[in-house]
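Here is a short briefing on one protein chain. Keep the sequence and the structure open while you read.

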Amino acid sequence: LSACMTMLTFLLSHRNIRTDYSAKTSSKGRVKNLTETNSEAIKLPHLQHKIIINLGMPRTGTNTWIRIMKFLFPEGGEFHHIYGGYNVEDLSELLLLGKNCSSDNKLLKYLSIPPKTVRALTDHPAFVLAPIAGDFPNVYWVHVTRDIEPHIDSTLYMMQKWMRGRCACEAAPLCTKGNLALLDRLYYNKYDIVGHMCRNKFNMSAIPRHLVRKVIQEHEEQTRRSLAGHPRFLHYRLEDNMTNIVQKLADFLGLELEVPSNISFHENKAE
């Protein structure tokens, strides 16, 4: 597995970014207002078969984003804040081969087979999928970013609160296997960030902030390059006005509705 991840990391850093987006987006559907009944809305073609992937890194309002998706699609659907229905081989193959991976790849099916209504995914593995977005022009790709210093603070908070299990091994600082091991290799521990945490016994001030900043900035740059020119790509910032955010998402997804000015979804305001 270690050798496989080493090769995958190398290939991803040298992978050609596809930007030939010839597919045309569909025309907007119609939702007249927020009070339209579910029974009426569910018949509208624009409410069906959408796959929406949020490429934003953890700590960019992923809980909020899922709540917004559920608001925009009240008739229901597949809403995943973290998706576990795949294995490390699926993710490795998809990142290396894109749409050309084996037909039984679970993530290929996730991105290719239309849902009955809507399928929305955020957090992992969503935030690592930018390099292969060009292979899926029919997917709606969203990229949420936030101010860098609060993002670093929130990432360190997340690591201290939820990643202590990474340090349980006696022989090595990392104990993760499978999907999490790959995600650590590509992002969380790309520059030995988790190693710093483990060696310093969760003294988060001992983690060099410039390394966390580098991981975040590299992810944002890779995402921008990968999605440049994609016909279904939307970027917004977490700090934007919430009404504007929801309205942008509604317009992007072809939902003609007027979002209330006092709408609020933001969770974890202290983080």
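**Overview**

The accessible surface of the chain comes to about 13100 Å², and carbon and sulfur atoms account for 52% of that surface. Areas come from the Shrake-Rupley method with a 1.4 Å probe, and for residues only the protein chains shown count as cover. This is a predicted model, in which local features need pLDDT of at least 70, side-chain atom pairs count only at pLDDT 80 or more, and totals for chains, interfaces and linings use all residues. Residues are numbered from 1 along each chain as its sequence is written, and side-chain values use heavy atoms, with hydrogens and water left out.

**Fold and burial**

- The chain has ten helices and five strands. Both are DSSP runs numbered from the N terminus: helices are H or I with at least four residues, strands E with at least two.
- Of the 271 residues in the chain, 49% are buried. Buried means under 20% relative accessible area, exposed means over 50%, and partly exposed lies in between (1.4 Å probe, protein chains only).
- Take the contacts between residues at least 6 apart in sequence: 75% of them join residues at least 24 apart. A contact means heavy atoms within 4.5 Å.

**Nonpolar cores**

- A nonpolar core is a set of buried Ala, Val, Leu, Ile, Met, Phe, Trp, Tyr and Cys residues joined through side-chain atoms within 4.5 Å.
- The largest such core has 48 residues. Those with the most contacts inside it are I53, L91, L111, L129, W141, M159 and M197.
- Elements giving two or more residues to this core include β1 (50-54), α4 (88-97), α6 (148-162) and α9 (209-227).
- A second, separate core has 28 residues, among them I52, W65, F79 and V142.

**M159 and M197**

- M159 sits in helix α6. Its relative accessibility is 2%, so M159 counts as buried.
- M159 and M197 are 38 residues apart in sequence, yet their C-alpha atoms are 8.3 Å apart in space.
- Leaving out residues up to four places away in sequence, M159 touches R164, I193, V194, M197, M204 and I207.
- By the same rule, M197 touches M159, Q160, M163, C167, F202, M204 and I207.

**Helix packing**

- Axes are lines fitted to C-alpha atoms, for helices over the stretch in contact, and angles run from 0 to 180 degrees between N-to-C directions.
- The axes of α4 and α7 come within 8 Å and cross at roughly 40 degrees. These two helices are therefore oblique to each other.
- V88, L91, S92 and L95 of α4 meet G178, N179, L182, L183 and L186 of α7. Six of these residues are nonpolar, three are polar and none is charged.
- α6 and α9 pack at about 110 degrees, with their axes 10 Å apart. This pair is therefore roughly perpendicular.
- The classes in the contact of α6 with α9 are five nonpolar, three polar and four charged residues.
- Angle terms: under 35 degrees is roughly parallel, over 145 roughly antiparallel, 65 to 115 roughly perpendicular, and the rest oblique.
- Residue classes: Ala, Val, Leu, Ile, Met, Phe, Trp, Tyr, Cys and Pro are nonpolar, Asp, Glu, Lys and Arg are charged, and the others, Gly among them, are polar.

**Backbone details**

- The peptide bond from H124 to P125 is cis, with omega near 10 degrees. P125 lies in the loop between β3 (118-122) and β4 (140-145).
- D123 is in the loop between β3 and β4. Its phi is positive, near 65 degrees, in a residue other than glycine. D123 counts as buried at 9% relative accessibility.
- I82 is not a glycine, but has a positive phi of about 85 degrees. I82 is partly exposed, with a relative accessible area of 39%.
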